[in-house]
Amino acid sequence: MYSLETISTEKDDFQKAVLNARAFKPLYVKIKINYGCNLKCEMCKHWRETREAPISMDRFKEVITELAELGTKKIHFSGGEPMLRPQLPDLVAHATGLGMRVTLTTNGTLINKEKAKALIEAGLRGVNVSIDSPIRKVHEKVRGVEGSFKLTTKAVSLFNKYSHKGKLTVRINTVVSRDNYFSLATLPDLAHELGADGINLIPVDDHCGEHLSMRKKDIALFNEEIAPHIEKRASELGITIADEDAFPFGRDESEVRLGRAGRYAFGYYGKHPCFAPWTHSLIDFNGFVYVCCMTREQIPPLGDIRKQSFKEIWEGLAYQNVRQKMHPPSLKPCQRCDDFIVENKKIWDMVGPY
């Protein structure tokens with residue numbers, strides 16, 4: 001997710017911040033620049049709802065400048081579908097000019113040659129493109145729009161073509177659900193064919209609906225036949241798997257039991273903290289600030305960049321209260337999250353136990 005070099009070199013300051021529930025540095029910030037989307041994905045509600053207009057790109061630029069001053073190393077743009085905002089390359093260029101690594105998640109359907117080149121020339125260094133099956137019919141059933149597979153796969157090829165000698169890392173995001181898991185064995189082959197560097201297997205959230213959640217028999221089949229093939233084939237083709245994990249629902253019986261319940265942290269946060277409140281932030285399309293995506297619908301916003309500076313929010317009482325509650329056992333939403341486990345384990349090895 002992000003480099004831990006700053007924590008390693010400033011370990012004492014970081015440990016003091018954790019012990020006293022004080023702010024450290026927002027090393028990695030995700031910005032959702034809009035809410036709407038042009039697809040109709042089964043597992044998503046962005047296209048089902050109408051929300052208020054997003055805040056201006058000028059305000060996002062101001063906030064990005066603040067983030068640079070606070071020590072942010074990486075910014076990730078997402079949505080909704082971020083390519084619905086045509087000024088996105090300008091935002092990428094602004095963040096890159098301030099010395100930050102910039103990445104993006106997109107469904108790829110709005111990417112053409114000009115847009116791919118514009119984003120890369122603006123300084124984009126990582127892109128996650130959402131593909132939910134290497135089989136066209138399965139992908140389009142999940143995404144809800146005919147013709148989307150061709151557009152999305154073309155986007156991966158375009159990003160790869162204009163990546164300027166490997167400066168851009170291209171990964172495929174795949175949400176694994178009851179509707180597509182059986183089709184994923186050849187996902188590494190598709191990634192290799194399109195020129196992608198890696199794949200990220202994301203377990204479906206339990207809030208997406210019972211019809212998409214993985215049953216015991218689904219996980220058993222996936223773990224016995226499909227995940228091992230994905231793991232082996234990816235290794236053969238030089239395709240990386242995010243967090244080196246082709247088994248997002250768990251590997252052994254105890255993990256699978258938790259995975260079936262949507263507890264993808266597999267009990268880790270019962271005894272360990274999540275360090276995201278000291279290192280990460282999510283800025284929503286409407287200006288509200290949260291610790292992360294998982295807390296976005298579970299915990300009230302920690303501030304509003306329409307009314308406050310980001311520094312005021314980052315160092316404010318609401319963020320401090322969340323940090324105080326993060327000591328084990330951590331917040332309830334954390335039990336369903338696998339986003340930062342790899343980083344959290346490395347940080348724990350550096351600074352814990354405390």
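I count two strands as paired if DSSP finds at least two bridges between them. Strands (E, at least two residues) and helices (H or I, at least four) are DSSP runs, numbered from the N terminus.

**Ground rules.** I am working on a predicted model, where local features need pLDDT of at least 70, side-chain atom pairs count only at pLDDT 80 or more, and totals for chains, interfaces and linings use all residues. Residues are numbered from 1 along each chain as its sequence is written, and side-chain values use heavy atoms, with hydrogens and water left out.

**Entry 1: strand 1.** I started with the pairing of strand 1 (residues 28–32) and strand 2 (residues 74–78), which is parallel over five bridges. Val29 has Ile75 of strand 2 as its bridge partner. Next I checked burial (under 20% relative accessible area is buried, over 50% exposed, partly exposed in between; 1.4 Å probe, protein chains only). Five of the five residues of strand 1 are buried. In a regular strand, side chains alternate between the two faces of the sheet. I looked at both faces of strand 1 and found each covered: Tyr28, Lys30 and Lys32 lie on one side, Val29 and Ile31 on the other.

Entry 2: I traced an open sheet of ten strands with mixed pairing, in the order 7-6-5-4-3-2-1-8-9-10. Strand 7 (240–241) and strand 10 (303–304) are its edges, each pairing on one side only. Strand 9 (residues 288–290) runs antiparallel to strand 10, over two bridges. There I found Val289 bridged to Gly303.

**Entry 3: Tyr181.** I located Tyr181 in the loop between strand 5 (169–176) and helix 8 (187–194). Is Tyr181 buried or exposed? Its relative accessibility is 7%, so Tyr181 counts as buried. I then listed contacts (heavy atoms within 4.5 Å). Leaving out residues up to four places away in sequence, Tyr181 touches Val176, Met214, Asp218, Leu221, Phe222 and Ile226. Leu221 is 40 residues from Tyr181 along the chain, with 9.1 Å between their C-alpha atoms.

**Entry 4: whole chain.** I counted 14 helices and ten strands in the protein chain. Its radius of gyration is 20 Å, close to the 20 Å that the globule rule gives for 354 residues, so the chain is as compact as a globular protein of that length. That radius is taken over C-alpha atoms, and the rule is 2.2 Å times the number of residues to the power 0.38. The C-alpha trace spans about 50 × 50 × 40 Å along its principal axes. Of the 354 residues, 54% count as buried. Among contacts between residues at least 6 apart in sequence, 74% join residues at least 24 apart.
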